[in-house]
Amino acid sequence: MKKIKLSVIPGDGVGKEIMPHAVRVMDTVAEIHGGLSFDKVTYPWSCEYYLEHGKMMPEDGLDQLKDSDAVFLGAVGNPQLVPDHVTLWELLIKIRREFEQTLNIRHAKQIQGIQSPITNPNNFDIIVVRENSEGEYSEIGGTMHKGPDEIAVQNAVFTRKASETAMRYAFELAKTRKNHVTSATKSNGIVYSMPFWDRVFNDVAKDYPEIETASNHIDALAAYFITRPSSFDVVVASNLFGDILTDISAAIMGSIGIAPSVNLNVNGKYPSMFEPVHGSAPDIYGKGIANPIGQIWTGKMLLDHFGEHEMADLLMKSIEAVIAEGIKTPDLGGSASTEEVADAIVAQLRRSN
Ligand code: NAD
Ligand code: IPM
Ligand code: MN
């Protein structure tokens, strides 16, 4: 029996509503497989935990997670209770940093049965490789003065190592897809980091002569994601640009509620963390209507990560079949609940096996 040790952190808001259903789906996959099981430990770390304990996780929180094979996370953040920069940096970003999850891989493609909000989806299929550890997400900077003269300085950090890691991953990935990599830049307006990023990209590209490349400024690229998304294959982006692009790539699928992602530890020293692209969605929390597909598709990425490609394909096909049948939450124009969508995926998995 192959056992995958899973640390489950439902987190906040819709993360808490969705996670039990996503776990149920993963257990169904394991049962169908017959030789696979998930050994799960669930952690209550969240904004409510913070209110009780004054921190987002215990002092030895990372030690508790570190021996697991993967972290399965819902969403973090309840800005009405605790400011986001506290909760996110003490849990989500802390795990990404300490576990050296330097890449964030986010997939988006047109799905039959979902009305894309754009006019030319044309079967787009994009993977964004987001550098996940630096850029504008740095703790270097500060605020000065008070009152009308107050100033905030936020330094962005770009290292050759981290940029190159993201780029090489993108090129390797493109080899298994359509042999095309686009780099997100802004070297016309940002004088140090982005010309540097372009230089590193050109250096890495030389090692992959068979891969076609493009380099687009982030403002234009954001627009192209809307006007001609099917012209992209793999896109490599810095941390903030990748964050923004992947909300757009999710939106053109029809809803951010279905978009999956993995925070990848590439050196094998720590577990990777699997979480949907969306946040805790406080505006719909408590209604039982959050789309569970982002979390479940994320589970598909987890299966692929552990080499369970057959099961991953079965799960993806089941998700697509349920959508094609019209069993959809309100964000996709349907009237099904979180639970009904998950039930339908479980039933479909059992049928198609
Ligand atoms: P959000 O992704 O939570 O919500 C944006 C919009 O998408 C909302 O209209 C919401 O209703 C909708 N949406 C999100 N998930 C959905 C789902 N599963 N089904 C249907 N609709 C869904 O982004 P936000 O409002 O900017 O952030 C809310 C909180 O989540 C903040 O505290 C933010 O910092 C946090 N956040 C956390 C993560 C994470 O943990 N990875 C990611 C993004 C935002
Ligand atoms: C994401 C989120 C996070 C990020 C926030 C919540 C810090 O938007 O995972 O996309 O910016 O990385
Ligand atoms: Mn984001």
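Select P121: apart from its neighbours within four places in sequence, P121 is in contact with Q110, S116, P229 and I252 (contact means that the two C-beta atoms, placed from the backbone, lie within 7 Å). You are looking at a predicted model, where local features need pLDDT of at least 70, side-chain atom pairs count only at pLDDT 80 or more, and totals for chains, interfaces and linings use all residues. Residues are numbered from 1 along each chain as its sequence is written, while chains are lettered from A and ligands numbered from 1 in the order in which they are written.

Stay with P121 for a moment. P121 sits in the loop between β4 (103–109) and β5 (125–131); helices (H or I, at least four residues) and strands (E, at least two) are DSSP runs, numbered from the N terminus. The cut-offs are 20 or more other C-beta atoms within 10 Å for buried, 12 or fewer for exposed, and partly exposed in between, with C-beta atoms placed from the backbone.

**Two domains**

Next, colour the chain by domain. Domain 1 takes in 1–101 + 261–353 and domain 2 takes in 116–253, with bounds that come from an automatic or database domain assignment. Their C-alpha centres are 25 Å apart. Where they meet, six residues of domain 1 are in contact with six residues of domain 2. The domain 1 side of this meeting place has two nonpolar, two polar and two charged residues. Here Ala, Val, Leu, Ile, Met, Phe, Trp, Tyr, Cys and Pro count as nonpolar, Asp, Glu, Lys and Arg as charged, and the others, Gly among them, as polar.

**Two ligands**

Now show ligand 1. Which of the 23 residues around ligand 1 come nearest? They are G77, G257, H278, G279 and N291; a residue is near a molecule if its C-beta atom, placed from the backbone, lies within 6 Å of it. The shell around ligand 1 divides into 11 nonpolar, eight polar and four charged residues. Move on to ligand 2, and you will find L88, D243, V277 and G279 around it.

**Helices α10 and α11**

Select α10 (293–305). This helix of 13 residues reaches 18 Å from its first C-alpha to its last, close to the 18 Å expected at 1.5 Å a residue (1.5 Å times one less than the number of residues). Since 11 of its 13 residues are buried, α10 is largely enclosed by the rest of the structure. Among what covers these buried residues are β3 (70–75), β11 (261–264) and β12 (272–274). After α10 comes G307, with a positive phi near 80°.

Go on to α11, residues 309–324, whose end C-alpha atoms are 22 Å apart, in agreement with the 22 Å that its 16 residues should span. Its buried residues include M311, L314, L315 and I319, and the buried residues of α11 pack against α1 (14–33), α10 and α12 (338–352). G326 follows α11, and its phi is positive, near 90°.

**Last stop: I345**

Finish in helix α12, where you will find I345. With 26 other C-beta atoms within 10 Å, I345 is buried. Beyond its neighbours within four places in sequence, the contacts of I345 are V25, I296, S318, I319 and V322. Between I345 and L315, 30 residues apart in sequence, the C-alpha to C-alpha distance is 8.1 Å.
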